[in-house]
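Please take a moment with the sequence and the three-dimensional picture of this protein chain before reading on. The paragraphs below are meant to be read with both in view.

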Amino acid sequence: TQDSCKTVYGSITNNGCPVIVVPPPPPAIDTNWVELKMPTPLNQKYGECVAFAVTNARYSRWYYTNNNESIPFSPAFDFYYAKFVFDVNNPCGGGTSIQKALDVMINQGACPISLMPYTGDCMLAPTANQITEAAKYKIGSYSKISKTDTSAIKTMIDQKKSVIVAMSVDNSFVNAKPGFVWNTYISPVLPHGFVICGYNSTKHQFKIINSFGTAWGDAGFL
């Protein structure tokens with residue numbers, strides 16, 4: 001009977017009744033996120049995670065202080081000056097420190113990636129033109145906050161300042177898929193640097209941009 005007819009979501013059959021296909025409602029938008037503008041995440045080839053982190057942070061800060069101008073910066077430029085070389089047979093594998101990478105931002109600046117693309121060749125010296133251009137994007141200073149002061153981290157985000165982090169990560173982080181929330185730390189497998197670029201006080205979560213490419217996590221974020 002007509003009384004037995006009902007709307008079936010996404011179905012093409014309805015037991016002989018008139019078919020009314022209604023798509024499911026879209027997911028609710030979580031308006032509690034405070035997020036910063038970030039570039040498209042790239043994929044590091046060696047131990048340049050800190051150089052990626054500081055250039056991502058520089059992108060965001062430049063965006064908010066220069067009329068929303070979007071300029072992705074080259075991690076290759078920063079890493080060339082900041083890298084530690086412990087093994088001459090593996091000059092790209094020594095990584096660097098946040099302080100040293102930020103000091104490069106103060107002294108040399110940040111080169112737009114359009115002028116110095118990232119190829120994974122850490123021994124490729126910047127050209128005179130790249131050095132000149134990088135000097136236009138120097139920073140004046142940086143500061144350190146306590147790793148346990150989550151209120152200070154949120155305050156930085158509110159002030160349009162991203163927070164660079166260095167810590168050990170585990171396999172669940174390294175192999176993150178879409179929708180993964182990192183809330184359990186198992187055992188360290190990798191010292192790593194990344195950027196906190198957002199927070200949600202309702203969910204008690206932070207959002208980060210990483211340097212494992214867009215196939216990692218949620219299109220390169222987590």
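This is a predicted model: local features need pLDDT of at least 70, side-chain atom pairs count only at pLDDT 80 or more; totals for chains, interfaces and linings use all residues.

Of the 222 residues in the chain, 39% are buried. Among contacts between residues at least 6 apart in sequence, 60% join residues at least 24 apart.

Let us turn to the helices and how they meet. Two packed helices are described by the angle between their axes and the distance between the axes. The axes of helix H1, residues 49–65, and helix H3, residues 98–107, come within 9 Å of each other and cross at roughly 45 degrees, which means that H1 is oblique to H3. The crossing in which H1 passes H3 is right-handed. On the H1 side, Val-50, Val-54, Thr-55 and Arg-58 take part, and they meet Ile-98, Ala-101, Leu-102 and Met-105 in H3. Sorted by class, the residues of this contact are six nonpolar, one polar and one charged.

Helix H3 also meets helix H2, which covers residues 75–82; the two axes come within 9 Å and cross at roughly 110 degrees, and therefore H2 is roughly perpendicular to H3. Here, too, the crossing is right-handed. The residues involved are Asp-78, Tyr-81 and Ala-82 in H2, which meet Lys-100, Ala-101, Val-104 and Met-105 in H3, and by class they divide into five nonpolar, no polar and two charged.

Is H2 mostly covered or mostly open? It is mostly covered, since six of its eight residues are buried, namely Pro-75, Ala-76, Phe-77, Asp-78, Phe-79 and Ala-82. What covers these buried residues of H2 includes H1, H3 and helix H4, residues 128–134.

The next topic is the interior. In soluble globular proteins, nonpolar side chains tend to be buried together. In this model the largest nonpolar core has 22 residues, and those with the most contacts inside it are Met-38, Phe-173, Ile-196, Ile-208 and Trp-216. At least two residues of this core are supplied by each of helix H5 (150–158), strand E2 (163–169), strand E3 (190–200) and strand E4 (205–209), and the largest share, five residues, comes from E3. Another core, of 15 residues, lies apart from this one, and among its members are Cys-49, Val-54, Phe-73 and Ala-110.

Finally, consider Ser-60, which is found in helix H1. Why does Ser-60 count as buried? Buried means under 20% relative accessible area, and Ser-60 counts as buried because its relative accessibility is 0%. Leaving aside its neighbours within four places in sequence, Ser-60 is in contact with Leu-36, Lys-37 and Met-38, and Met-38 is one of the residues with the most contacts inside the largest nonpolar core. Ser-60 and Ser-162 are 102 residues apart in sequence, yet they are 7.3 Å apart in space, taken from C-alpha to C-alpha.

Conventions: Residues are numbered from 1 along each chain as its sequence is written. Side-chain values use heavy atoms; hydrogens and water are left out. Axes are lines fitted to C-alpha atoms, for helices over the stretch in contact, and angles run from 0 to 180 degrees between N-to-C directions. Helices (H or I, at least four residues) and strands (E, at least two) are DSSP runs, numbered from the N terminus. Angles under 35 degrees count as roughly parallel, over 145 as roughly antiparallel, 65 to 115 as roughly perpendicular and the rest as oblique. A crossing is left-handed if the near helix is turned anticlockwise from the far one by less than a right angle, and right-handed if clockwise. Contact means heavy atoms within 4.5 Å. Ala, Val, Leu, Ile, Met, Phe, Trp, Tyr, Cys and Pro count as nonpolar, Asp, Glu, Lys and Arg as charged, and the others, Gly among them, as polar. A nonpolar core is a set of buried Ala, Val, Leu, Ile, Met, Phe, Trp, Tyr and Cys residues joined through side-chain atoms within 4.5 Å. Buried means under 20% relative accessible area, exposed over 50%, partly exposed in between (1.4 Å probe, protein chains only).
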